[in-house]
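Please keep the structure open beside the text while reading.

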Amino acid sequence: MERQCQVLIVGGGITGLTTARELLKRGADGILIIDKEKTLGAHASGRNSGVLHAGIYYSPGTNKARFCVEGNTLMKDYCRQRGLNIEESGKVIVAGDEDKLGGIEELKRRADSAGAESRFIDDKELSEIEPYAARNGKALYSPNTAVISPLEILESLKDELIESGKADILFDTSFTGLNGDHTAVTSAGKINFEKFVNAAGSFADKVAGHFGVGEQYKVLPFKGTYKKLSPGASHLVSSNIYPVPDLRNPFLGVHFTRGADGSVYLGPTAIPALGREEYGFLDDLSKETLSILFRDSVLFFTNDAFRTAAVSEIKKYTGGNLYKEARKLIPELKENDLIDSPKAGIRPQLVDWSSRELVMDFVVLTEADSIHILNAISPAFTCSMAFAKYTVDKLIG
Ligand SMILES: Cc1cc2nc3c(=O)[nH]c(=O)nc-3n(C[C@H](O)[C@H](O)[C@H](O)COP(=O)(O)OP(=O)(O)OC[C@H]3O[C@@H](n4cnc5c(N)ncnc54)[C@H](O)[C@@H]3O)c2cc1C
């Protein structure tokens, strides 16, 4: 028998769940979320740093700049209301090299333009906030950065949706295609829908392809791995210590984050990966691996920013170089303070193949009764509740 729903959402990550919650708030009924995995948070939403960003980094006028400040506030309120873990610990951005001091000024300009609170601090104040952070005369302090537990938030959203009686989630159910305009073909049979939301994360481009949408985009996966501070060294980080990133590429640089459970992580790296789900070493080699290698090679030779980012990221984070980068943030760090961690995530970075450019912002495309959220990369977790309002506005008018 074919299943019916008012709104079908493909993807039960943070984007799909917050969109469903926003639809409920607007009175929708009959919301069905499908996810190809058996559990929540199997991909980016359960494998990230858990940082609620404060909106400092993003170019004026972008969706990231538009949704981050509000998303940060909404997610914090949600955690407080639902009694979920949240460390409102703030963060410092330090210029490990003197030539990064100019970058800090640019971050401050971007923060001001997005309405994100931040202020310059001198070495004395920095040493009161983060006694072991590298001092270079000037750092940027972000009081509104916080750390949450992503899986706990996903679970809470799921419970809220199910308890409403107006939404349901089918796990282990893949969207595989369309049969006509309003019937999805899935591994669990056909589903008729009135509206369709594509929140499929690293496969959002593939899902969009079934609607003939976003065909100029291709995905290049980048792997983010983490190290941990050994328990004896975790006192070196009180909250969050970040470097000044290279703003020409979409990555923030490896940083120290004190998680809600007190563990301190260093990461994530950003190294080209061979599969959209290659979390271990070569464990997601598929037919697509060759295409990914081809895309990497084409971009390597045609796009200066990509080449610089790929080479510098690989150089920075392989061999003993990760430790050297980390010491730029904490000079007293010893090599054996860093221990291995199984934590890894993949950023499905979108490339506009018509211009061979990395897409820096979230992309929202609509087609008849469907909406497609592409490139939901960092800080999409932080932005999600504000972003969902925009998505639903566009979907239902
Ligand atoms: C290493 C790393 C660190 C990050 N750190 C932060 C951070 O600190 N703060 C922050 O704000 N953001 C961070 N991000 C970004 C953030 O995690 C993501 O932007 C966000 O989780 C994306 O959510 P999503 O729901 O769009 O995608 P996902 O979480 O990937 O969810 C998509 C879902 O769709 C499902 N799916 C895919 N294809 C199909 C199909 N055909 N049928 C059915 N289901 C399908 C998948 O199983 C998956 O569950 C980080 C990301 C990474 C990788």
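How many residues has helix α5, and how far does it reach from its first C-alpha to its last? Point 2 takes this up, after a word on the model itself.

1. Basis of the notes. This is a predicted model, in which local features need pLDDT of at least 70 and side-chain atom pairs count only at pLDDT 80 or more, while totals for chains, interfaces and linings use all residues. Residues are numbered from 1 along each chain as its sequence is written. Helices (H or I, at least four residues) and strands (E, at least two) are DSSP runs, numbered from the N terminus.

2. Helix α5. This helix, residues 150-164, has 15 residues and reaches 22 Å from its first C-alpha to its last, close to the 21 Å expected at 1.5 Å a residue; the expected span is 1.5 Å times one less than the number of residues. Its buried residues are P150, I153, L154, L157 and L161. They cover an arc of only 100° around the axis, which puts them on the same side of α5, the arc being that of the directions from the helix axis to the C-beta atoms. Here a residue is buried if 20 or more other C-beta atoms lie within 10 Å of its own, exposed if 12 or fewer, and partly exposed in between, with C-beta atoms placed from the backbone. The face turned away from the buried side carries the exposed residues D159, I162 and E163. The buried residues of α5 pack against α1, β8 (146-148), β9 (167-170) and α10, where contact requires that the C-beta atoms of two residues, placed from the backbone, lie within 7 Å. Just after α5 comes G165, which takes a positive phi of about 75°.

3. Helix α3. L107, R110, A111 and A114 are the buried residues of α3. Because they cover an arc of only 100° around the axis, they lie on the same side of α3, whereas G102 and R109 are exposed on the other side. The cover over the buried residues of α3 includes α2 (63-82), β5 (91-94) and β7 (139-142).

4. Domains. The protein chain is divided into domain 1 (1-85 + 147-216 + 360-397), domain 2 (91-143) and domain 3 (218-353), with bounds that come from an automatic or database domain assignment. The centres of domain 1 and domain 3, taken over C-alpha atoms, are separated by 25 Å. The contact between them takes 21 residues from domain 1 and 24 residues from domain 3. On the side of domain 1 that touches domain 3, the residues divide into ten nonpolar, nine polar and two charged; Ala, Val, Leu, Ile, Met, Phe, Trp, Tyr, Cys and Pro count as nonpolar, Asp, Glu, Lys and Arg as charged, and the others, Gly among them, as polar.

5. The ligand. A shell of 41 residues surrounds the ligand, and the closest are G11, G13, G201, G345 and A380; a residue is near the ligand if its C-beta atom, placed from the backbone, lies within 6 Å of it. The shell divides into 18 nonpolar, 18 polar and five charged residues. At least two of its residues come from each of α1 (14-25), β18 (338-352) and α10, and at least three from each of domain 1 and domain 3.

6. I377 lies in the loop between β21 (370-374) and α10 (380-396), and I377 counts as buried because 22 C-beta neighbours lie inside 10 Å. Leaving aside residues up to four places away in sequence, I377 touches P250, R347 and Q349. P379 lies in the loop between β21 and α10 as well, and the peptide bond from S378 to P379 is cis, with omega near 10°.

7. Backbone points to check. Most residues other than glycine have a negative phi, and most peptide bonds are trans. A cis peptide bond joins G267 and P268, with omega about -10°. D172, although not a glycine, has a positive phi of about 60°; D172 is exposed, with 12 other C-beta atoms within 10 Å. R356, also not a glycine, has a positive phi of about 60°, and R356 is partly exposed, with 15 other C-beta atoms within 10 Å.
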